[in-house]
Amino acid sequence: MAEFDDLDRRIGERIAAAEVKQREHQNHIRQRMEEIERRQSQVSTVAQHLCSAIVRPRLERLAQHFENAKVLEAAQAGVGRCVCQFEHTERFPATVTLELFVCSDDRMNNALVCYRLEIRPIFIQFEGRDQLAIPLDAIEDARVALWVDQKLITFVDTYLRLLEVEQYQGENL
């Protein structure tokens, strides 16, 4: 039936074009997923490096200055996380958790070194969160170390304020 030959050819062309388009789309998705996996692996490697080489040693040094402080083991804190906990004491009547961790931004272009501070109960204003963004392909240990050092000094200033605030020291008076 010659009258359907042209129709069959046109339908076949569209089906073939749709299959080509679908394969191209699947290849694009596969390539994107491979890139995401590569970036996630890179973020994980950077997080482990920064935590073990920069953050953890500094938190351990900080904890040495306070009898009520302890740095959680890496297995307790989680991958890419470092946590220092300060127990409630008579001198420092608050429970404090200081956490530094490394993750990525949404597009996985930057490593984010994040600072989180929780003080319970809260009777003072303080910087509870901050972050440093660094291009994932250009991590500078010295820059991260300087930022972490500044965050720890800011924390110490905040923590020592517990000694001066009447709501915290009321029982000691």
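I started with the pocket: α1 (2–63) and α3 (141–160) each give at least two residues to the lining of the largest pocket. This is a predicted model, where local features need pLDDT of at least 70, side-chain atom pairs count only at pLDDT 80 or more, and totals for chains, interfaces and linings use all residues. Residues are numbered from 1 along each chain as its sequence is written, and side-chain values use heavy atoms, with hydrogens and water left out.

**Entry: the pocket**

I noted the terms here. Helices (H or I, at least four residues) and strands (E, at least two) are DSSP runs, numbered from the N terminus. A pocket, on a 1 Å grid over the protein atoms alone, is an open set of points where a 1.4 Å probe fits, with protein on both sides within 12 Å along at least five of seven lines; lining residues have an atom within 4 Å of a point.

Which helix gives the largest share of the lining? I found that α3 does, with 4 residues. The lining includes Arg 58, His 65, Phe 66 and Asp 149. By class, I got 5 nonpolar, 1 polar and 3 charged residues.

**Entry: salt bridges**

Side chains of opposite charge can pair when their charged atoms come close. A salt bridge is a side-chain nitrogen of Lys or Arg within 4 Å of a carboxyl oxygen of Asp or Glu. I looked up the total, and the structure holds 13.

Next I checked some pairs in α1. Arg 9 bridges to Glu 13, with the closest N and O atoms 2.8 Å apart. Both sit in helix α1, 4 residues apart, about one turn of the helix. I also saw that Asp 6, Arg 9, Arg 10 and Glu 13 are linked in a network of salt bridges.

Arg 56 pairs with Glu 60, the closest N and O atoms being 3.7 Å apart. Is Arg 56 buried or exposed? Buried means under 20% relative accessible area, exposed over 50%, and partly exposed in between (1.4 Å probe, protein chains only). Arg 56 counts as buried because its relative accessibility is 16%, while Glu 60 is partly exposed at 37%.

**Entry: a bridge between strands**

I then found Arg 116 and Glu 99 meeting in a salt bridge (3.3 Å, N to O). Arg 116 lies in strand β4 (residues 110–120) and Glu 99 in strand β3 (residues 95–104), so the pair ties together parts 17 residues apart in sequence. Glu 99 is buried at 10% relative accessibility, and Arg 116 is partly exposed at 23%.

Key:
Nonpolar A, V, L, I, M, F, W, Y, C, P; charged D, E, K, R; others polar.
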